[in-house]
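Please consult the sequence and the structure alongside the notes below.

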Amino acid sequence: MTARALGSRVGQAVLVLALAFTLAFILLQALPGDAVLIKFENPELGLSPEEIAAIRTSYGADVPWWQAYLHTLAGFLRGDFGFSIQNGAGVAGLLAEVLPQTVTLSVLAFAAAVVLAVTVALLATWARWTWLRNALASLPSVFVSVPTFWLAMVLIQIFSFRLGLVKVIGAGPVEALILPVLTIAVPISAPLAQILVRSIEDVQRQPFVSVVRARGASRWWVLTRNVARNALLPTLTIAGVLFGELVAGAVVTETVFGRAGIGRLTEQAVANQDVAVLQAIVVLSAAAFVTVNLLIDLLGPLVDPRLTKEVGLAA
C-alpha cells in the first residue's frame with residue numbers, strides 16, 4: 001500500500017471517529033430527563049436548590065449545547081472523558097478498570113469464532129456425503145438465529161447445572177471465561193462460516209483448481225493449499241464488520257454472567273442516564289472498530305498481492 005493510500009485510510013478512520021463522537025453527543029443530549037437532577041434531587045440527600053445548582057454547574061449541565069459539545073470534544077482530545085454522574089469517579093479510571101476484562105473476553109471469543117467457522121467450512125466442503133455436507137453447511141444458519149441471552153442460559157443449564165463441568169459461582173479466572181467465550185463465539189462464527197463456504201465453492205470452480213487436480217493433488221491438499229488462501233480475503237473483510245457485534249455480545253454476556261466489563265458498565269450507565277460514561281464508551285467502541293478495520297485493510301495486500309497492484313494503479 002502506498003503512503004498516499006495509507007493516508008487516505010487513516011483520514012477516513014479519523015472522519016468516522018469524528019462522526020461517531022458527534023452523533024453520540026446529539027443522541028445523548030436528546031435523552032429525556034436530567035441525570036444530575038435525578039440523582040441529586042432525592043429528598044434523602046437533603047440538598048438545597050442552591051447546592052443542586054452548584055452541582056449542575058460543576059458537571060457543565062447548565063451551559064448551552066454547543067459549549068458542552070466543544071468542552072467535551074476538547075476533553076476527549078486531551079484524554080479527559082469527564083466524571084461519572086452516578087459515583088463521581090473519573091470516566092477514564094472507570095474504563096481502565098474494566099477494559100482489560102472485556103478485551104480478554106472479546107479477543108478469545110473472536111479467536112474461538114474463527115476456529116469454529118474455519119472448522120465448519122472445511123468440513124462442509126471436504127465431506128464426501130451430500131447429506132453430511134448439507135447438514136454442516138446449515139449449521140451457520142442455526143448459529144446466527146440463536147439469541148445470545150438464550151444461548152448463555154442454555155450453556156449454564158447444561159454445562160454448569162446438569163453436567164457440573166464448568167462452575168458459574170466461585171470459578172477461577174480461566175474457568176469463568178469458558179461459557180462467556182462460547183456464548184459470543186457461536187453467533188459470531190455463523191456469518192464467517194457462511195462467507196467462507198461460499199468463497200471456497202467459488203474458488204473451487206476456478207480453472208487453476210482443475211489444473212492442480214489434474215496433476216494428481218488430493219482434495220484435502222488442494223483445499224488447504226490453494227483454495228483456502230484465495231477464499232480468505234472476503235472472510236477477512238466481513239470479520240472486521242463483525243467486530244462491532246462483539247461489543248453488543250459483550251453487553252449481554254457480561255450482564256448474564258455477572259462479569260465486570262464494558263458491557264456491564266454500559267448497562268449501568270444506560271439505567272442511570274450517565275451521559276459522560278456512555279459518550280466515552282461509544283467513542284471507545286468506534287475507535288476499536290475503526291482500528292480493526294484499518295488493520296484488515298493493511299493485511300489485505302499481504303493475503304492477496306493483487307490488491308497491492310490495484311491500489312498502486314488507483315493511486
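Which residues have the most contacts inside the largest nonpolar core? In this predicted model, they are Val-91, Leu-95, Leu-265, Val-277 and Ile-281, within a core of 19 residues. The points below place that core in the chain and then turn to helix packing and to selected local features.

**Overall architecture**

- The secondary structure of the chain consists of 13 helices and zero strands.
- Read from the N terminus, the order of elements is therefore α-α-α-α-α-α-α-α-α-α-α-α-α.
- Along the principal axes, the C-alpha atoms occupy a box of roughly 85 × 60 × 30 Å.
- Of the 315 residues in the chain, 35% are buried.

**The largest nonpolar core**

- The core comprises 19 residues, with Val-91, Leu-95, Leu-265, Val-277 and Ile-281 having the most contacts inside it.
- Two or more residues each come from helix H1 (3-29), helix H4 (65-78), H5, H11 and helix H12 (275-303).
- H12 makes the greatest contribution to this core, giving six residues.

**Packing of H5 against H8**

- Helix H5 (residues 91-126) packs with helix H8 (residues 175-204) at an angle of about 40 degrees, and their axes lie 5 Å apart.
- H5 and H8 are therefore oblique to each other, since angles under 35 degrees would count as roughly parallel and those from 65 to 115 as roughly perpendicular.
- The crossing of these two helices, H5 and H8, is right-handed.
- Sorted by class, the contact of H5 with H8 contains 25 nonpolar residues, four polar residues and no charged residues.

- Within helix H11 (residues 262-272), the buried residues are Ile-262, Gly-263, Leu-265, Thr-266 and Ala-269.
- Viewed down the axis of H11, its buried residues fall within an arc of 160 degrees, so they line one face of the helix.
- Leu-265 is buried in H11 and is also among the residues with the most contacts inside the largest nonpolar core.

**Thr-130 in H6**

- Thr-130 belongs to helix H6 (residues 130-144).
- Thr-130 and Val-63 are 67 residues apart along the chain, and their C-alpha atoms are separated by 67 Å.

Terms used. Residues numbered from 1 in each chain as written. Predicted model: local features only at pLDDT ≥ 70, side-chain atom pairs only at ≥ 80, totals over all residues. Heavy atoms only, no water. Axes fitted to C-alpha atoms, helices over the stretch in contact; angles between N-to-C directions. Helix = DSSP H or I, 4+ residues; strand = E, 2+ residues; numbered from the N terminus. Parallel < 35°, antiparallel > 145°, perpendicular 65-115°, else oblique. Left-handed = near helix turned anticlockwise from the far one by under 90°. Nonpolar A, V, L, I, M, F, W, Y, C, P; charged D, E, K, R; others polar. Buried < 20%, exposed > 50% of the residue type's maximum accessible area, 1.4 Å probe, protein only. Arc of directions from axis to C-beta. Core = buried A, V, L, I, M, F, W, Y, C linked by side-chain atoms within 4.5 Å.
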